[in-house]
Amino acid sequence: MSGLPSSLANAPLRVVDGFGMAVRAACRCLAPRDAGELAELLARATREGMSVAFRGSGRSYGDPAINASGLVIDTTGMNRILSWDPTTGVVDVEPGVTIEGLWRRTLPDGFWPAVVPGTMAPTLAGCAAMNVHGKNNFKVGPTGDHVLEFDLAAPDGRTYTCSRDQNEDVFHAAIGGFGALGAFTRLRLRLKHVESGLLEVEAIRNRTLEEAFDIFEQRLPAADYLVGWIDGTASGRSLGRGVIHQANYLTADRDPEGPAKTLRIARQDLPSTILGFPRSLVWHFMAPFMTAPGLWWLNTAKYFASYLSRPGRKYLQSHAAFAFLLDYVPNWRLAYGRAGFIQYQPFVPHGAARRVFREILERCRARGTPPYLVVLKRHRPDPFLLTHGLDGWSLAMDFPARQREQLWALCHELTEIVVAAGGKFYFAKDAVLRPTDVERAFGRDRLDRFFAVKRRLDPQGLIRSDLMRRVLPA
Ligand SMILES: Cc1cc2nc3c(=O)[nH]c(=O)nc-3n(C[C@H](O)[C@H](O)[C@H](O)COP(=O)(O)OP(=O)(O)OC[C@H]3O[C@@H](n4cnc5c(N)ncnc54)[C@H](O)[C@@H]3O)c2cc1C
């Protein structure tokens with residue numbers, strides 16, 4: 001950040017969107033280079049009475065990193081790895097280090113981030129602020145479970161060093177607290193030791209939703225990663241059909257190429273072409289399929305393609321290739337067109353999930369709004385105050401936002417089903433929730449405890465993103 005404007009109201013004005021592009025706003029934007037500049041910005045915003053929201057790589061689908069009436073502080077420029085200990089797997093990073101930046105540094109030493117989302121673009125601050133989960137959430141918990149300590153610069157002018165032993169209330173509120181309490185300026189994490197750069201992967205077809213749950217339950221005890229793709233266009237007896245992928249870490253002795261080779265960064269790089277086309281062009285070919293009939297063809301083809309592979313066949317895939325499938329096609333979100341799309345991801349307790357997800361898929365069908373991409377995952381509870389984690393399941397669904405009113409109405413209907421079942425939601429994947437939904441899903445008590453911490457660290461309520469205005473109005 002070279003030179004602050006005379007007033008923050010004169011900071012550059014930019015259109016800032018959620019990853020789904022269905023929500024956007026013009027915001028004043030500044031990008032500090034270090035913790036000192038960030039603290040100065042917070043102090044200036046306090047003096048000028050300008051609201052603030054923090055932003056990482058902007059990979060949240062909705063509005064948590066947008067601030068329509070104020071300043072967006074982008075921390076992606078604070079991206080140094082401060083220290084790395086390859087004997088313990090403990091790393092200290094600035095907030096803007098991305099998942100990609102992290103594994104590129106640590107994998108050659110045999111360490112992979114314990115939790116990664118479906119894209120490698122997010123920053124570690126963004127992952128901590130949302131308490132991101134991976135395809136191994138049932139086994140290792142979310143990002144927060146692997147954070148040992150962090151520094152949080154708060155609007156009260158103090159920097160809080162937080163861990164399970166120090167400022168533990170702030171520790172448990174800021175992880176998953178969508179940046180509402182202050183800015184992460186340093187995070188310390190423990191990474192997962194891996195013996196090989198490869199995973200052993202198996203695809204398992206499920207003909208129905210019930211079968212998907214059954215396969216998950218059989219495989220969970222022995223799986224390192226488990227994720228289900230569901231055909232959102234299928235109905236009747238095929239409702240919920242799809243393909244589940246199980247992946248397991250490979251031990252060094254079973255790595256056919258040898259760890260010295262597979263732990264190299266070059267072995268992780270995603271292919272530069274898909275079916276002979278440069279990756280960067282592929283989203284153009286996807287655009288014509290982004291209609292209900294187009295999607296039906298795509299999903300049906302994907303499902304029946306699974307019959308081509310022999311049941312039980314296992315294959316090897318690099319960590320990056322397995323984890324970051326959604327990064328294969330850069331800019332794929334543009335295929336949705338100008339109206340963009342939303343992701344809606346309810347989390348439902350174990351005992352109710354089979355019934356609730358069936359009802360949700362049937363309701364989408366009844367309203368003529370099939371989800372374009374549907375992903376099933378198993379989760380476990382964690383100790384963070386506003387966590388979406390629970391002993392249950394989630395169903396992430398992408399919907400094009402072309403018919404906005406109908407879509408929002410459908411999501412409100414689905415929210416009623418989820419809340420009645422004791423479910424929760426995930427703020428990184430939300431654009432539709434209302435204050436009453438959030439209060440019923442998370443409980444008044446948790447919200448009150450969260451706001452007690454917020455009042456202490458941010459007495460003037462300086463930090464206000466569009467998400468907060470929408471779901472947690474003061
Ligand atoms: C293709 C795709 C796949 C995904 N897959 C998954 C998945 O499998 N699992 C999952 O859990 N999520 C997933 N996500 C969501 C994504 O991981 C989260 O939204 C994550 O928070 C994005 O990080 P970011 O750096 O882009 O942060 P942003 O989206 O820019 O911001 C997210 C939050 O972090 C806060 N924040 C950012 N920087 C700071 C800071 N320095 N201090 C305090 N707060 C800060 C912001 O205020 C905001 O509330 C996926 C997203 C995409 C686009």
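H4 gives the largest share, four residues. By residue class, this side of domain 2 comprises 17 nonpolar, twelve polar and six charged residues; Ala, Val, Leu, Ile, Met, Phe, Trp, Tyr, Cys and Pro count as nonpolar, Asp, Glu, Lys and Arg as charged, and the others, Gly among them, as polar.

The model is predicted, and local features need pLDDT of at least 70, side-chain atom pairs count only at pLDDT 80 or more, and totals for chains, interfaces and linings use all residues. Residues are numbered from 1 along each chain as its sequence is written, and side-chain values use heavy atoms, with hydrogens and water left out.

The protein chain has 15 helices and 21 strands, which are DSSP runs numbered from the N terminus (helices H or I, at least four residues; strands E, at least two). Its C-alpha atoms fill a box of roughly 65 × 55 × 40 Å along the principal axes. The domain assignment gives domain 1 (8-75 + 453-471), domain 2 (81-193) and domain 3 (198-434); such bounds come from an automatic or database assignment.

The C-alpha centres of domain 2 and domain 3 lie 24 Å apart. Contact, meaning heavy atoms within 4.5 Å, links 35 residues of domain 2 with 36 residues of domain 3. Together the two domains bury about 3200 Å², 63% of it on carbon and sulfur atoms; buried area is the accessible area (1.4 Å probe) that two parts lose on being put together, summed over both. His133, Lys135 and Phe138 supply 25% of the area that domain 2 buries against domain 3, more than any other three residues.

Three salt bridges cross this interface, each a side-chain nitrogen of Lys or Arg within 4 Å of a carboxyl oxygen of Asp or Glu. Asp145 and Arg380 form a salt bridge at 3.6 Å, N to O. Asp145 also touches Pro383, which contacts His172 as well, leaving aside neighbours of Pro383 within four places in sequence. Pro383 lies in the loop between strand E20 (373-379) and strand E21 (392-400), and its C-alpha atom is 8.4 Å from that of Asp145, although the two residues are 238 apart along the chain.

The whole structure holds 40 salt bridges. In one, Asp151 pairs with Arg186, the closest N and O atoms being 2.8 Å apart. Because Asp151 lies in strand E8 (residues 147-153) and Arg186 in strand E10 (residues 183-190), the pair ties together parts that are 35 residues apart in sequence.
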